[in-house]
Amino acid sequence: MNAERNPAGTLRRPAMLAALILALPCALPALEWPVAEPEIRRNFGQEENGNLERGLILSGGNTVRAAGDGSVLAVLSCNENMNGFPSTLGNAVLLAHGDGIVSVYGNLADTEMAAGKEQMETYAVIAQTGGSAWGGLSGGGEDRGICIFQIADQNQKTLLNPLLLLPPQEDNRAPVIQSVTLESASGQTLNLSTSRFLRSGVYRVYAAVTDTRARNSPALAPFRVSVLVNGSEQSAVAFETLEKKASVLAPAVFPDYFDGSTPLYNRSGLLYAGDVSLTRGRTEITVAARDFTGNERTSAFLLQIE
């Protein structure tokens with residue numbers, strides 16, 4: 001059973017987002033979109049070829065502009081040693097905005113406009129988009145209109161979801177939950193759409209969830225996916241930040257079940273949403289998926305646990 005909540009929550013940010021911002025050690029700077037008509041092609045935390053997207057992949061303008069006032073921290077060329085930064089950035093410019101917040105602009109045609117500058121103001125032109133990054137950013141082989149945009153918190157050693165700092169976009173479409181699968185300790189997989197009777201035990205929960213902003217727009221990762229058993233939240237994964245865990249990037253999760261030993265996405269691209277412990281009796285498992293503006297969809301499954 002699917003249920004959609006708050007379908008008209010157009011520009012509303014969820015209460016959990018406000019709580020996150022208040023919990024951060026410093027006030028987040030307000031930034032602007034780096035391209036004129038931004039369309040998100042890949043979302044923060046989205047799986048791509050076994051890796052998690054570290055920021056946003058944007059189309060919607062060939063001119064890349066500074067998202068806020070900042071000092072030029074680094075200018076990276078795809079033809080030079082990148083000093084540890086991922087080569088998928090290609091030509092890139094990094095701006096420091098204070099309190100450890102750094103904005104990153106990648107896949108640039110060149111870095112001539114930023115080279116030699118110490119400061120850049122909001123909306124200052126950084127470069128034109130190019131094809132300097134690796135990895136097929138557009139999904140169609142044409143990367144010259146694509147911008148890589150990332151936000152790093154150097155103090156906390158985390159990557160931030162840029163949507164936390166950018167002006168909200170209109171969005172009235174809830175995420176879609178295609179399937180929910182349980183995996184037993186023995187490795188047996190059970191699709192909850194067809195399974196009604198289960199043995200008691202601990203199961204991993206995997207969900208196929210996508211979010212779209214408009215008809216025919218790219219399928220994106222949701223902002224938050226949670227698992228409830230009989231109405232009580234058991235686990236949740238939220239793409240607010242990414243940090244290193246056991247040498248891999250991992251998002252914020254509740255409780256802290258993700259230690260990096262289990263991939264966040266399995267080989268089929270399903271999201272690992274946490275574990276549930278099921279005991280005998282009638283049990284309802286609910287998976288809730290929420291986008292950044294607060295649109296939410298749920299899928300509930302009534303099971304008999306033996």
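What does the protein average in pLDDT, and what share of the residues score at least 70? The average is 87, and 85% of the residues reach at least 70; pLDDT is the predictor's confidence in each residue, from 0 to 100. This is a predicted model, where local features need pLDDT of at least 70 and side-chain atom pairs count only at pLDDT 80 or more, while totals for chains, interfaces and linings use all residues. Residues are numbered from 1 along each chain as its sequence is written, and side-chain values use heavy atoms, leaving out hydrogens and water.

**First stop.** Select residues 4-25, where pLDDT stays under 50. The model has 48 contacts (heavy atoms within 4.5 Å) beyond four places in sequence for this stretch. Where pLDDT is low, the predicted coordinates should not be read in detail.

**Next, the rings.** The whole structure holds four aromatic pairs. Rings of Phe, Tyr and Trp (its six-membered ring) pair if their centres lie within 6.5 Å; planes under 30 degrees apart are stacked, over 60 edge-to-face, and the rest tilted. Pick Tyr-105 and Phe-149, a tilted pair at 5.4 Å centre to centre with 45° between the planes. Tyr-105 sits in strand 9 and Phe-149 in strand 12, so the pair ties together parts 44 residues apart in sequence; strands are DSSP runs (E, at least two residues), numbered from the N terminus. Both residues are buried, meaning under 20% relative accessible area (1.4 Å probe, protein chains only).

**Last stop.** Select Tyr-257 and Tyr-272, an edge-to-face pair at 5.2 Å and 75°. Tyr-257 and Tyr-272 are both buried.

Key
Helix = DSSP H or I, 4+ residues; strand = E, 2+ residues; numbered from the N terminus. Buried < 20%, exposed > 50% of the residue type's maximum accessible area, 1.4 Å probe, protein only.
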